[in-house]
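Work through the exercises below with the sequence and the model at hand, and try each task before reading its solution.

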Amino acid sequence: ESGDLVTGAYIDEIIKQYQKQYRIMTEIEHLTGELESAIQANDHVSIQLVLEMRQQAIHEMEACRRAVIILIDSIPVEQSGHIKGLLNKADDDIPGNEQEELLREKSYKVYEIVRHVIEMDRKLSLKTAGKDSFYYT
């Protein structure tokens, strides 16, 4: 069916966006480690440089996220609900074809690395800013 081919092409593109997100998050993870080292060394020039590089990567990540939303919104509504379900961690029991399972796997890998980077960021922020940290409760 031609609708399925169209949806398949969109899913391929969404998978590519998630692969790109994973690469960007790996870079942010690396930069977060670099930031911690620069802070420990009290190297203000490196701190500023790493923060700028991280911010650039975060902007790229946001662009990828927007692209995924646009792609999902471009899929016929009868299939987009299914795709959203695949991407929703709570709907793990929804079966998908091989391509859809790849999409689920890629999106979950991004979800996991985002959680890991947020945790790294939280620890670093609490260590350096203490009560002034965004994460302090």
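**Contacts and overall form**

Residues 24 or more positions apart make up 61% of the chain's contacts (heavy atoms within 4.5 Å) with a separation of 6 or more. The model is predicted, so local features need pLDDT of at least 70 and side-chain atom pairs pLDDT 80 or more, while totals for chains, interfaces and linings use all residues. Residues are numbered from 1 along each chain as its sequence is written, and side-chain values use heavy atoms, with hydrogens and water left out.

**Exercise 1.** Find how many helices and strands the chain has.

*Solution.* Begin with the DSSP runs, where helices (H or I) need at least four residues and strands (E) at least two, numbered from the N terminus. The chain has four helices and zero strands, and from the N terminus on its elements run α-α-α-α.

**Exercise 2.** Describe helix H4 and its N-terminal end.

*Solution.* Next, Asn97 caps the N-terminal end, with a side-chain oxygen 3.0 Å from the backbone nitrogen of Gln99.

**Exercise 3.** Decide whether Asn42 is buried or exposed.

*Solution.* Locate Asn42 in the loop between helix H1 (2-40) and helix H2 (44-74). Asn42 has a positive phi of about 55° although it is not a glycine. At 52% relative accessibility, Asn42 counts as exposed (over 50%; buried is under 20%, partly exposed in between, with a 1.4 Å probe and protein chains only).

Conventions:
The expected span of a helix is 1.5 Å times one less than its number of residues. A polar contact is a pair of N or O atoms within 3.5 Å; within protein, one must be able to donate a hydrogen and the other to accept it, and residues adjacent in sequence count only if both atoms are side-chain atoms.
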